[in-house]
Every structure is written in structure tokens, then in C-alpha cells.
Amino acid sequence: MTLLTNKEKEIIDYLYAAEREAKEVIKVTDEYSDLTIEEAYVIQEGLLVRKMDENSTKTVGVKLGLTSKAKQEMMGVNQAIYGYLHNDMLALEWEPIHFSELIHPKVEPEIAFLLAEDLQGENITAEEVIKATKYVAPALEVIDSRYKDFRFTLVDVVADNCSSAKFVVGSKWVSPNDIDLGNIGMVMSKNGQVEQTGSSAAVLGHPATAIAWAVNELAALGKGLKKGDIVLSGAMSEAIAFKAGDSIIAQFDGLGSVSMYCK
């Protein structure tokens with residue numbers, strides 16, 4: 001862990017309290033307009049360490065964000081971002097997600113990768129990602145930015161662990177060699193009404209390409225992915241908001257479906 005500055009410690013305290021108390025706060029850059037992307041990732045890691053120390057959580061993988069070119073253009077950036085998945089974020093299809101634990105949640109459809117071996121290096125390719133993957137599965141990620149009105153800059157969202165909150169993985173696990181991962185269609189519905197359609201091609205052209213990018217970024221910090229890690233490869237469509245009483249289901253070509261219910 002990098003030695004933290006007083007500014008970084010203050011921001012970690014601020015965001016940790018917001019998540020723990022499920023309350024929205026003003027974005028960090030309103031006070032720290034000079035915050036850099038490098039500092040934001042240091043803060044993200046500091047939040048992770050705080051959770052592991054105080055809540056006995058552990059990392060179970062990585063999630064990717066801004067993997068859509070349209071989203072990147074909207075944010076005025078030209079690269080994706082990554083955050084960490086913790087074991088207490090994993091939700092189960094047969095158990096409700098409690099709205100009272102969240103602020104203003106949205107849900108995105110994704111493809112989850114389960115790694116069969118470690119993956120680390122600065123020149124990892126999509127082909128190597130697929131080779132290292134044991135299974136892929138349909139997934140839903142609940143994002144819940146701690147920032148007021150879901151408004152933030154790139155460095156704000158990175159510091160906030162990329163708005164991570166919960167994720168659900170479907171029960172159908174498929175070998176990545178048995179499906180065309182670059183051409184998977186998806187339909188997401190809420191309460192029986194279609195809300196979004198999308199394709200895995202929206203994820204940097206291919207979800208394995210997005211994961212290769214993340215591995216190469218982590219390598220610059222001397223990090224990588226581990227055997228058994230779950231990686232959420234990026235949203236296949238726009239996120240949709242939900243509230244208590246809503247049911248969400250996403251159906252994926254060749255991968256089956258994944259669902260969640262909010263109580």
C-alpha cells in the first residue's frame with residue numbers, strides 16, 4: 001500500500017462513511033479540483049484496505065467500467081477504468097437485494113469471467129485472457145455511486161471504486177471456447193417490460209479485450225489477476241434505475257439468464 005497523504009486519508013474517510021451509511025455526498029473534486037487519476041486509484045486501494053481491516057472483507061476479483069466507446073466520449077476520456085469486487089458485494093439470485101442498504105442504485109448487464117489461472121503481464125492479449133478463463137456466465141452489476149445525483153468526474157468515480165455496490169452471477173457457466181464471446185446479444189427487462197438491449201461487442205469490441213486492458217494496467221503497479229478471480233468485463237447496455245419491489249432479468253444468447261429482486 002502506498003503511503004497516504006493527508007488529502008488522500010481525508011477522502012478515504014469521506015467516501016468510506018458515505019458507503020457505510022448509505023448516504024449521498026458532494027463529489028470529491030468540488031473540494032479537491034486538482035485530484036489526479038493516479039491519486040484516485042491510490043484512494044480506491046485505500047478504501048479497499050479500510051474495508052478489509054474493519055469489515056474482514058476480501059477481494060474476489062475486478063470490475064471494469066467505461067468499456068463503451070459511447071460512454072468514454074460522454075465522459076471525455078479515451079480509456080476504461082477498473083475497480084475491485086469484494087466478497088460482501090456478491091448477491092444471490094434467490095435472495096432479495098435490500099433497497100434500504102443503497103442510495104440511488106442502477107443495474108447493468110455484464111459477462112462474468114472466472115479465471116482458471118493467474119493472469120499478469122504488460123502485454124496480455126484477449127486470446128490469453130480466454131485461455132486463462134475456465135467459465136463465463138451472465139451477470140448483473142448493481143452500481144450505486146455515493147455522489148449526489150450520480151454526478152461525478154472520472155477521478156471521482158475511480159476514487160469511489162467505480163460506483164461498485166453489488167453483483168449477481170447467473171447459474172449457467174459456459175466454457176469460453178464454446179461460445180462466440182464477441183457477438184452475444186442481451187435483453188434486459190424490469191417487471192416484465194424490456195428496458196435495454198445490447199451486445200458484448202459494445203464492450204471494447206470484445207469483453208476479453210477489456211479484461212486484457214485491465215491486466216496490462218494492473219501490471220504497471222506490479223499487480224494482476226489470480227486464479228479463482230471473478231472479472232466483470234463491462235456493461236453491455238446503459239444501466240437502468242430500480243427501486244424496492246422491482247424485478248430485473250437479463251437474457252443472454254447462449255448464456256441463459258440472470259435475475260435479481262429488490263425488496
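Let's start with two helices: α1 passes α2 in a right-handed crossing, meaning that the near helix is turned clockwise from the far one by less than a right angle. Helices here are DSSP runs of H or I with at least four residues, strands are E runs of at least two, and both are numbered from the N terminus. This is a predicted model, where local features need pLDDT of at least 70, side-chain atom pairs count only at pLDDT 80 or more, and totals for chains, interfaces and linings use all residues. Residues are numbered from 1 along each chain as its sequence is written, and side-chain values use heavy atoms, leaving out hydrogens and water.

The axes of α1 (residues 6–20) and α2 (residues 37–55), lines fitted to C-alpha atoms over the stretch in contact, come within 9 Å and cross at roughly 55°. On α1, the contact (heavy atoms within 4.5 Å) involves K7, E8, I11, I12, D13, L15, Y16 and E19. Their partners on α2 include V42, I43, L47 and R50. By class, this contact has seven nonpolar, two polar and eight charged residues.

Now look for the second largest pocket, with a volume of about 350 Å³. Its lining counts 17 residues, and E19, R20, D88, E101 and A165 lie nearest its centre. The elements giving two or more residues to this lining are α1, α2 and β6 (164–169), with the largest share, three residues, coming from α1.

Notes:
Axes fitted to C-alpha atoms, helices over the stretch in contact; angles between N-to-C directions. Nonpolar A, V, L, I, M, F, W, Y, C, P; charged D, E, K, R; others polar. 1 Å grid on protein atoms, 1.4 Å probe; cavity = no way out; pocket = protein on both sides within 12 Å on 5 of 7 lines; lining within 4 Å. Points joined across faces, edges and corners; volume = space filled by probe spheres on them.
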